[in-house]
Amino acid sequence: MAERDAARRAGPARHRPAPAGKHYEEEEEDALPDSDALPDSDDEVDLDKPRPIQIVLAHEDDHNFELDEAALEKILLQEHIKDLNIVVVSVAGAFRKGKSFLLDFMLRYMYNRTSPRWIGGNTEPLTGFTWRGGCERETTGIQIWSEVFVIDKPNGTKVAVLLMDTQGAFDSQSTIKDCATVFALSTMTSSVQVYNLSQNIQEDDLQHLQLFTEYGRLAMEEIYQKPFQTLMFLIRDWSYPYEHAYGLEGGRKFLEKRLQVKQNQHEELQNVRKHIHSCFSNLGCFLLPHPGLKVATNPNFDGRLNDIDEDFKNELRNLIPLLLAPENLVEKEISGSKVTCRDLVEYFKAYIKIYQGEELPHPKSMLQATAEANNLAAVAGAKDLYSKGMEQVCGGDKPYIAPSDLERKHQDCRESAIRQFRSVKKMGGEEFCRRYQEQLEVEIDEIYANFVKHNDGKNIFYAARTPATLFAVMFAMYITSGLTGFLGMNSIATLCNLVLGMALISFCTWAYVKYSGEFREVGTAIDQIAEAIWEQVFSKLFEVLRRRTIRRALTSVPRQRLSSNNNKKKN
């Protein structure tokens, strides 16, 4: 089915530009220069041999992306182009849909645009960006053609034209974040984004476009106008020419119908269409026919024109100039200002840093997003059940309750909330839901801690703990100071007087905070210090005294019984 199903020539192929003035009327069989795989980021970029250069590297192990700054600078900071306004044409879409195949015809046009037969000879293999047959992906990250074309526009200005190839979306090795990052980066840095689709524009295509463009818009700073420029929907293998004719005009009518916002549409469908219109300054669509059975079924197909249907070649002759003819070139603009080659290097650096960081939310698949929302709703319902149960026991107007009774009620409400969470039908599987149950348990414990504090605030003795502790400290220091002064230990007495003074100042400050409501942080700090003294000193002291009292009481009972028995015997 189109180039997605086409079995293309195995192994990388490289485009060799035709010499100036050469037309394809002569079908030459020249051997292509040998070229290995794309250069690594550490290799020197050789600009004498035009070829695809990878500028955004995809790391599959951690699903991160890295910009090859040296390669990008060597291409875009050449003396003769660095100050020219740039035109960036990018092709993006799902993997194995013929994006690189299309870009190679763009290369043929750029090298032979003055020739009416730019499309090439019938027996010439298609070379340039790498492409091959099969179902596995070929392009990773983002690649650009190493030669930047300098074109004279009809108004006399010169512009630089850059062709960009992108990693296909939705392959078995890429996450939604990977797909969104590549699509967003290419859309943010291109002046024309070709959205490569197969057979039709389906609703999920529009939803993915909405997700990817929003991910790009998040990375951009303040936006006062539409953030992106031209989006061209390219529908491959169009099978309904009787409804909408091949080409731009048929595509325009088809796109208007697809993106029309109707009053009776669901709100979700309306929002998708409004979002797309709000993101792009110009929207277009081109309907391209199927390239033919030989392309789809021949495992040795290498791009020769005599294997491609005539309808496809005719529409290709219309499509490529529509994008790349000098009068149709769209210069890259950001925030209304035209971008030079030098500027684009800086924008690439800034954008890649944003996507390497953690400032942006990670886009998720529809299932994952739905499962998260489903589980979060179940967590919220369970928390609400717990809170209502606890409010009935120790809510705002309820009297103080013993801590042991509050703990017991907490355990009952907690178990009820967890049972309700488990009983709700949820998406994502058992392991996925277990994480949200653990989150629920943590949040319930936090709510319980607040209820404990609220309940303690109703205890008049708890409220008096701070002043009682400070009074106890002052009394202890006063007695100790007097005794140590009487015994001649003046240094200890002075220290006790110092602690006594600090306790008195703390008490006065605490009283003022409670009365006025000002400096609450100071009051909280005094409460915490007093509580620590109470827990570490006085409570332990009282516990020791209590145990000794009980022990003495228990030992005195046998003595009394023994003495009473002795008295009876004497009688």
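A crossing of two helices is left-handed if the near helix is turned anticlockwise from the far one by less than a right angle, and right-handed if clockwise. The model on screen is predicted: local features need pLDDT of at least 70, side-chain atom pairs count only at pLDDT 80 or more, and totals for chains, interfaces and linings use all residues. Residues are numbered from 1 along each chain as its sequence is written, and side-chain values use heavy atoms, without hydrogens and water.

Select residues 465-486, helix 15, and residues 490-516, helix 16. Helices (H or I, at least four residues) and strands (E, at least two) are DSSP runs, numbered from the N terminus. The axes of helix 15 and helix 16 come within 8 Å and cross at roughly 160 degrees. Helix 15 is therefore roughly antiparallel to helix 16, a term for angles over 145 degrees. Their crossing is left-handed.

Next, select Tyr111 and Phe149. Their ring centres are 5.0 Å apart and their planes stand at 80 degrees, so the pair is edge-to-face. Rings of Phe, Tyr and Trp (its six-membered ring) pair if their centres lie within 6.5 Å; planes under 30 degrees apart count as stacked, over 60 as edge-to-face and the rest as tilted. Tyr111 belongs to helix 3 and Phe149 to strand 5, so the pair ties together parts 38 residues apart in sequence. Both Tyr111 and Phe149 are buried (under 20% relative accessible area, 1.4 Å probe, protein chains only).

Move to Phe228 and Phe280, a tilted pair with 5.6 Å centre to centre and 45 degrees between the planes. Phe228 and Phe280 are buried too.

Finally, select Trp238, Tyr240, Tyr242 and Phe254, which form one aromatic cluster.

Terms used
Axes are lines fitted to C-alpha atoms, for helices over the stretch in contact, and angles run from 0 to 180 degrees between N-to-C directions. Angles under 35 degrees count as roughly parallel, over 145 as roughly antiparallel, 65 to 115 as roughly perpendicular and the rest as oblique. Buried means under 20% relative accessible area, exposed over 50%, partly exposed in between (1.4 Å probe, protein chains only).
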